[in-house]
Amino acid sequence: MGEQLASFEARLAQGRRQFFEHGQSPTGLISAPIVRSWERSLDHGLQTGDERVLSPVSRHLAQAVAERNRRLVACALPEMEKLRAAMTRGSWGIVCTDPDGLVVQALCGTGSAFGDMQRIFQVGRSIREADIGTNGLGCALIERQPIVIRAAEHFLDEIRPFACASVPLFDPAGELAGILDATRYCDGGPITVLEPLAIAARAVENRMLDSLGGALRLSFHTRAELLATPLAGVMVFDEDGRLLGANQTARQLLQRAPGRDGDTDFAHLFDCPAETFRQALSGRLTHGALWSDDGLGFEARFEARATNPLLARIGDAVRNLRSDANARATPAAPATAPEADGIAGRALHIARRAFERDIPVLINGETGTGKEVLARRLHDDSERAAGPFVAINCSSLPAGLIESEFFGYEDGAFTGGRRGGAPGKFELARGGTLFLDEIGDMPLELQGRLLRVLQERTFTRLGGARPIRFDARIVTATHRCLETRVAEGLFREDLYYRIKGVRVCLPPLRERADRAALIESMRAREAGGAATPRLSEAAMRALMTYPWPGNLRQLDHVLRLALTLAEGEAEIALEHLPEEVLEGSTHHGAPAGTPPQTRELCLRELELEAVKSAMARCGGNVSAAARSLRVARATLYRKLRAFGLID
């Protein structure tokens, strides 16, 4: 602990000298968001010696700020009180601001441990960077992401004694609603409260959603166990299925901004039978599965609200007379990974030899080259095959939640946690293999803790003190060049050499000399041994000359689609290949000298035939046809309109 503190202080002092004394960017010493904040503070005309945080706030201003933020405080205060109770031993002050950077509520204790916090965080106090320079709340307002700022990372000398963790709050329309923050005097130790803060922030956002009322509350997630937690995506709809509001998790899961892109009703947001919404509204459907237009499956929980139950029942009865009584929400299909045989033999041999001797394996490769497939193959072929294979994508977790996902948490560690606590991935992997995908995107603050676990082979849960032995073999993967990340100060050099026992590089599909045999092998496996159409010469040429940006994963999807479209025929022809493959291939079998206009016409005709064929096979069901073509339902609708097949 002492060595880490000394290293942090030395690095910070060097970074400040470079920036403030020499006018140089402290790359690799200070994180980019803090450097940007220092630059903004200078642009505002601030000096590090200014004194700005202890001046009194007028009673009139405090009353005005409190009055116009009553709804925000009503939603935030219950979660702030839970946070304070859970973090009472750390002498934390819990603060909430509005989107203008004005304090609307602060829960700070008394006594020497809290010092001047009550004076600083008066209701109405501005914590904007323009007023007090770099600080957690002000920086989070600008960056719109969770952030931790400690000691001399602050701009003003006046607030250097503090450490703060800040998380943005977003309203049901997706607009910034304020900041939730925890601040205390800095003791030099790591700040581990970002995760409970993030969960509390999600709970505040859900309270804002609930205050809208509405006829139906939808909770959804790819993981069913998270449906009853603040981590679920939540949306609220009126009786006609129009969207009233959504939380940030919902927007992230759908990878879009509902309500801003014209997606204002249930039918446009989810690919499911038409009666799903009415069944849920009447209370007859409480759990089910939903699909996004991109084909991602979700577990869902529906909560009908009694806005006008009689009208809802009447409408539901009328629609039931016109619809199929057996309509149900479509179950989610399991994801399919590329086959393990897509991995080059030499790469597998090198990695297996290292893995057998408990040497960490680092896999480099573009997206879709089979990094997880190789990791699973190493596990399945090892003496640990009977143990668990636990995979975690380091780039897909919110920064504030990644620590408990890794190491678990104890009962009462934070608001919204499961009673009795929960194990993390490091604990669940005991006796097996832990696969850390996209490790190059792991936040810097977590890299240090991961390094300690790998060195000491023990860890503790969030909020706990009992050491837990780490007993798993490690495989890591990334599409990034970690040497470059190290040089840029974005990845720890000591961690890099710890995980790089042996590095295996998976070549992109376009560079593989065996891709013809690989294409045929994957086609045969996808067919499952049945008599299926072979690839025509023109189709094989198109596949061989296509650059395959999605690599093995994309090839797997293309072959599945082609086999589906060519069902009952002798061979897979050009017309059975997707549009992007035909357009992206340098030679796809068009006659020599074919004019570009004629070539485009041929592609359009092939596309039209594929759409008509899918619609015919699926009896006119657009959702089923879109799934068979492996395209979004909205995309198929656009094609149908473009071809004049629907109005």
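In helix α7, the residues Gly136, Leu137, Gly138, Cys139, Ala140, Leu141 and Glu143 are buried, where buried means under 20% relative accessible area, exposed over 50% and partly exposed in between, with a 1.4 Å probe and protein chains only. Helices (H or I, at least four residues) and strands (E, at least two) are DSSP runs, numbered from the N terminus. The model is predicted: local features need pLDDT of at least 70, side-chain atom pairs count only at pLDDT 80 or more, and totals for chains, interfaces and linings use all residues. Residues are numbered from 1 along each chain as its sequence is written, and side-chain values use heavy atoms, with hydrogens and water left out.

Helix α7 spans residues 136–143, and seven of its eight residues are buried, so the helix is largely enclosed by the rest of the structure. The elements that cover its buried residues include α2 (32–43), β1 (93–97), α6 (129–132), β3 (147–150), β4 (162–170) and β5 (176–185); contact here means heavy atoms within 4.5 Å. The N-terminal end of α7 is capped by Asn135, with a side-chain oxygen 3.2 Å from the backbone nitrogen of Leu137. Just after α7, Arg144 has a positive phi of about 55 degrees.

Asn135 and Leu137 also belong to the lining of the largest cavity, together with Val53, Ile120, Phe121, Ile127, Ile132, His154, Ile159, Phe162, Cys164 and Thr183. The volume of this cavity is about 130 Å³. On a 1 Å grid over the protein atoms alone, a cavity is a set of points where a 1.4 Å probe fits but cannot get out, and lining residues have an atom within 4 Å of a point. Grid points are joined across faces, edges and corners, and a volume is the space filled by probe spheres set on the points. By this rule there are two cavities of 30 Å³ or more.

Ser126 lies in the loop between α5 (117–120) and α6. Ser126 is buried, with a relative accessible area of 14%. Leaving aside neighbours within four places in sequence, the contacts of Ser126 are Gly101, Leu102, Asp131 and Ile132. A polar atom of the Ser126 side chain lies 3.4 Å from the backbone nitrogen of Arg128. A polar contact is a pair of N or O atoms within 3.5 Å; within protein, one must be able to donate a hydrogen and the other to accept it, and residues adjacent in sequence count only if both atoms are side-chain atoms. Asn69, in the loop between α3 (59–68) and α4 (70–86), is likewise buried, with a relative accessible area of 8%. Its side chain forms a polar contact of 3.4 Å with that of Asp98. With neighbours within four places in sequence set aside, Asn69 is in contact with Asp98 and Val104.

An open sheet of five strands has the order β8-β7-β6-β10-β9, with antiparallel pairing; two strands pair if DSSP finds at least two bridges between them. The edges are formed by β8 (243–246) and β9 (287–291), each with a single partner strand, so one side of each has no neighbour in the sheet. From one strand to the next the twist averages 30 degrees. Axes are lines fitted to C-alpha atoms, for helices over the stretch in contact, and angles run from 0 to 180 degrees between N-to-C directions.

Strand β6 (residues 216–221) pairs with β7 (residues 233–237) over five antiparallel bridges, and Leu218 stands opposite Met235 in β7. Helix α8 (residues 194–210) packs on the sheet and touches β6, β7 and β8, its direction making about 10 degrees with that of β7. The pairing of β6 with β10 (residues 297–304) is antiparallel over six bridges, with Leu216 opposite Ala304 in β10. Strands β9 and β10 are joined in the antiparallel sense by five bridges; the bridge partner of Leu290 in β10 is Phe298.

Asp210 is located in helix α8 and is partly exposed, with a relative accessible area of 33%. The side chains of Asp210 and Arg217 make a polar contact of 2.8 Å. Apart from neighbours within four places in sequence, Asp210 is in contact with Arg217 and Arg305. Asp210 and Val236 are separated by 26 residues in sequence and by 7.9 Å in space, C-alpha to C-alpha.

The chain contains 26 helices and 19 strands. Of its 647 residues, 50% are buried. Among contacts with a separation of 6 or more, 65% are between residues 24 or more positions apart.

How values were computed: 1 Å grid on protein atoms, 1.4 Å probe; cavity = no way out; pocket = protein on both sides within 12 Å on 5 of 7 lines; lining within 4 Å.
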